[in-house]
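The stops below can be selected one after another.

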Amino acid sequence: MTRFSARLEALPKYPLTGIAAAKLRLRAAGVDLIDLGAGDADGPPPQGTIGELVGSLGDVAMHKYGFQLGLPRFREAAAAWMGRRFGLQVDPAHELLPLIGSKEGLAHLALAVVDPGDVVIVPEPGYQAYIGGAVFAGGEPHLVPLEASRGFLLELDQLPEAVLARTRLVYVNYPNNPTAAVAPRDYLERLVACCRRHDIVLAYDNAYSDITFDGYVAPSILEIPGAREVAVEFFSMSKSFQMTGWRLGFAVGNPEIIAALAKVKSYVDTGAFQALQHAAAWTLDHAESLIPPMRTELQLRRDVAVAALREIGLPVASPQGAMYLWVPLPAGIASADFATSALEAEGVMVLPGSGFGAAGEGFFRIALTVPPARLREAITRLGRVIAQLLAAQPVSA
Ligand code: PLP
């Protein structure tokens, strides 16, 4: 039998691995499936984005290797968007790097900055690509539980000095997947100060920068004074513009760290398809008109889902950001059992909290990826699952 690397064996199965096959199986069996699993919205990318892509396909230059430079027009559009969106001046040549989806950059960054034995701080529950990056680089993931009582904030400066002294990299993500928490500015200041004090690279995952509600505006970490010394921020075209399958994002921040990440990537990829970069540049140029309708729709879905969940007895918070609800389960119901029953008995796909790490137990995640009426229907079905699981619990003496 093939012997696989210790680093591969150290990783659990990726939480979303079974989703595509399970969907196929259930749909083939005629189940009316409601998929609230992956954070992959139901709508198309903007019409103009598609038009730009199609229009660029006749240009032979678009079909050539992009290398790490990529399409200069994409770098420039991303830097200009950073200027309009956050008031930040970014050098598109040295402080910005196109990515084949932000996940790729987040995971590869560890290879650029982590040596075997270095500690990598990883939030739990959290996006699992962080652990992948840490383990592939030979680092030691140090899991920090995100707790509801602390607003799900990863408080770096409260970790033991002995851990911080060995830490090379920390992953932080707000608006957060899966808890949907957002980060106050004073928290970001504490975070940057701690990273500077301990010479820790700060990977700030801002994939949900524009999925925000109730007028809340998510900041860039680079707005915090001193952040450019230590931070690289990751942005994604996936969530704001419903372009998940395009695999396009970009990193912005400290030019030395950006150059190091580009060096890693030059050994594993040869750049994103330039026609996609061309269309993404147009998209970023039009972000101000493209994002509000998406935000309004998601906020409506959030409100409908929160109300429906509370009606079935689940006291969920109404979040200001991200496209998820992080829902507490009644005591005694394991999240994996709940997710399995929801799928098999009621055809509703949700993700168990335990899929985001052990600290996610006791919760499940709903992605707001279907219209309000389907969300209501899904949550009615989930109410039946809860009732059945509670009824099956042994009566305590
Ligand atoms: N970061 C977080 C927190 C995410 O939830 C996701 C996708 O779900 C990503 C990054 C990756 O996005 P992309 O599609 O840009 O790779």
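This is a predicted model: local features need pLDDT of at least 70, side-chain atom pairs count only at pLDDT 80 or more; totals for chains, interfaces and linings use all residues.

Residues are numbered from 1 along each chain as its sequence is written, and side-chain values use heavy atoms, with hydrogens and water left out.

**The sheet.** Select the seven strands of the open sheet, which has mixed pairing and the order β2-β8-β7-β6-β5-β3-β4. From one strand to the next, the twist averages 20 degrees. Strands (E, at least two residues) and helices (H or I, at least four) are DSSP runs, numbered from the N terminus; two strands pair if DSSP finds at least two bridges between them.

**Strand β3.** Next select residues 119-124, the strand β3, where six of six residues are buried. Buried means under 20% relative accessible area, exposed over 50%, and partly exposed in between (1.4 Å probe, protein chains only). Val-119, Ile-121 and Pro-123 cover one side of the selection, with Val-120, Val-122 and Glu-124 on the other, and all are buried. Strand β3 runs parallel to β4, joined by six bridges; Pro-123 has Val-144 as its bridge partner in β4.

**Strands β5 and β6.** Select 167-173 (β5) and 201-205 (β6), a parallel pair joined by five bridges. Opposite Val-170 stands Leu-202 in β6.

Axes are lines fitted to C-alpha atoms, for helices over the stretch in contact, and angles run from 0 to 180 degrees between N-to-C directions.

**Asp-210.** Is this residue buried or exposed? Asp-210 counts as buried because its relative accessibility is 3%. It is found in the loop between β6 and α9 (227-230). Leaving aside residues up to four places away in sequence, Asp-210 touches Trp-81, Arg-85, Ser-240, Ile-291, Met-294 and Arg-295 (contact means heavy atoms within 4.5 Å).

**Phe-136.** Finish at helix α6 (residues 129-136), where Phe-136 is found. Phe-136 counts as partly exposed because its relative accessibility is 41%.
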